[in-house]
Structures are given as structure tokens and as C-alpha cells.
Amino acid sequence: MLVDDIKGTRVLVVGDVMLDHFVGGDVERVSPEAPALVLRVERERSMLGGAGNVAANIASLGGYAVLTGVVGEDQAALHLDDLIGAFGGQIVDAMVRSSAITTTSKTRYIAGDRHLLRADRESSGLSVELTDRLIAAIEDRVADSDVVVISDYAKGVVSIAVMRAAVSATKRCKVPLIADPKRRDFGLYVGADVLTPNRKELEFATGERCDDLASCERAARGVMSSTGAAVLLTRSGDGVAIFQDGEETWSEPAQTKVVR
């Protein structure tokens, strides 16, 4: 399988690092104070989110992830430290920290299997100083990496300056660059070797309906022409497809599971 190639690979992951927090329990009544459900909390758990989830997946497949992003100096950042430490060295913490920002965190309240509410804490955008520190952290790590992954969740970490610096450093060190886009304008990712949009993101960026493999290919070829990158497209229940210049389209169906 393709994932077998990840074992032992050193991946520099750059992007929006988040804390995902889940609060679960049962709802049995409505509050007497307001027309709101009362959640009786029975369990809580946290996990690495955003770019952190990418690093966690790499580690779980036997690779080594160096995680680079920007977090605050708050309780959520300390919780991220503990979660990274639990991977026993398979995730290296290379994050920039600043008391000037809030660590991005998402708290989801769930009753049984029903998602009731999500509460977000985050800052938007980075100062020039933090951008420079992040770029320095990227440049320090690229040469020791087998591949660089940009995990963009449009929270302000992957700016034009950061993306250009990542492209320049990877070209200089001859390290492949993969970008997971979240912007409508894929022009931000020019210089990446591979883009990994999902079907909705590809439709949003190109205006092309991606109803079947043929229409997905038309949209992907347009992106390839404008960015110079190959496209690895995730298609929900229809699986995954890879589009490359001069190569036949490769596709693999999904093994569908119900996930809530």
C-alpha cells in the first residue's frame, strides 16, 4: 500500500495547529433559565487538531513528524504539549510560541451521537515578527526533512510570505512540497509539487462541477495548468484520485463507513 512508504519518513508539517476538545454526555431536559438543552457531562477528551492532526496521522503510520506552527502561551498550548509528548518522540515540537495570540481550540459538545454546539477560541493573522520567526523555523528544518507538508486551515498561519518562504526553501534543498489548500485562490500554492484538495474545495476554486471522475479530471487539469502541481483529490465516498502531467489518472474507491 502507498501508506507503507511513510514508515521512517521525516515530514515537516507546517500550518494551523489546533486543539480539538470533545465534551460528551446526555441531554434529558431543557434549562428552566432559557430555551436551551442541558448537557450532563460524562466524558471529555482532547486530540491534536488541524496541522497537528496531520502530524498525528504521520506518526501513527510509522513516520516522524516535525510540527511547526504558531501557538499561544496558554492552557491550550500546554495541553498540546502533553498530546505531542504522548507520541514518544515521533512528533517533534518545533512550534513558535507567543503570549500575543490565543492558541486555536475547538470544543465540541455532543449528546450521544448528536453534535449540539462548537465553541471556538482563536486569533486571526500573524504579526510581522511572528511571521519572521515562523519562516526561520521552517528554513531551519527543511534540509533535514524528506518532505514538507503545508496544512492550511485558513487561520492566518499560511500567509503569502510563509508559503513563498516554504517554496523557496524546498526548491533550494530539493525537498518535495505538498500543500493541503483551504483558499479559493489556489494561486497562493504555486510552487508546490502536489495539492490535496477535496472535491468541494476543487469545485470552489475552479467553478467546475465535479460530479464524476471525468469532470474532476477537467477541474484538476485546470489547477495543474495554473499552479504546476499534481493534484491528489479526495472524493468522499468515491475515494481518491491522482492527476499528474503525462500520466494516466489513478483512482481508488473508498471503503465507506458511517462516521459521526
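Predicted model: local features only at pLDDT ≥ 70, side-chain atom pairs only at ≥ 80, totals over all residues.
## Nonpolar cores

The largest nonpolar core contains 43 residues, and those with the most contacts inside it are Val-148, Ile-150, Met-163, Leu-195 and Phe-243. At least two residues of this core come from each of β1 (10–15), α3 (128–142), β10, α4 (160–173), β11, α6, β13 and β14. Leaving aside neighbours within four places in sequence, Ile-150 is in contact with Val-14, Val-158, Met-163, Ala-166, Leu-177, Ile-178, Ala-179 and Asp-180. Another core, of 22 residues, lies apart from the largest one and includes Val-71, Ala-76, Ala-77 and Leu-83.

## The four-stranded sheet

A further open sheet, again of mixed pairing, consists of 4 strands in the order β3-β2-β8-β9. Its edge strands, β3 (37–50) and β9 (114–121), each pair on one side only, and neighbouring strands of this sheet are turned by 20 degrees against each other on average, direction ignored.

Strand β2 (residues 17–30) pairs with strand β8 (residues 105–111) in the parallel sense over 7 bridges, and the bridge partner of His-21 in β8 is Thr-107. Helix α1 (residues 51–60) packs on this sheet through contacts with β2 and β3, and its direction makes about 70 degrees with that of β3.

## A buried arginine

Arg-199 lies in helix α5 (residues 199–206). Its relative accessible area is 17%, and Arg-199 therefore counts as buried, the cut-off being under 20%. Not counting residues up to four places away in sequence, Arg-199 touches Cys-210, Cys-216, Leu-233, Thr-234, Arg-235, Ser-236 and Asp-238.

A search of the whole structure finds 1 cavity of 30 Å³ or more, and about 120 Å³ of space lies in the largest cavity. The lining of the largest cavity comprises 13 residues, of which Val-70, Thr-104, Ser-123, Lys-155 and Val-157 lie nearest its centre.

Note on methods:
Residues numbered from 1 in each chain as written. Heavy atoms only, no water. Core = buried A, V, L, I, M, F, W, Y, C linked by side-chain atoms within 4.5 Å. Buried < 20%, exposed > 50% of the residue type's maximum accessible area, 1.4 Å probe, protein only. Contact = heavy atoms within 4.5 Å. 1 Å grid on protein atoms, 1.4 Å probe; cavity = no way out; pocket = protein on both sides within 12 Å on 5 of 7 lines; lining within 4 Å. Points joined across faces, edges and corners; volume = space filled by probe spheres on them. Pairing = 2+ DSSP bridges. Axes fitted to C-alpha atoms, helices over the stretch in contact; angles between N-to-C directions.
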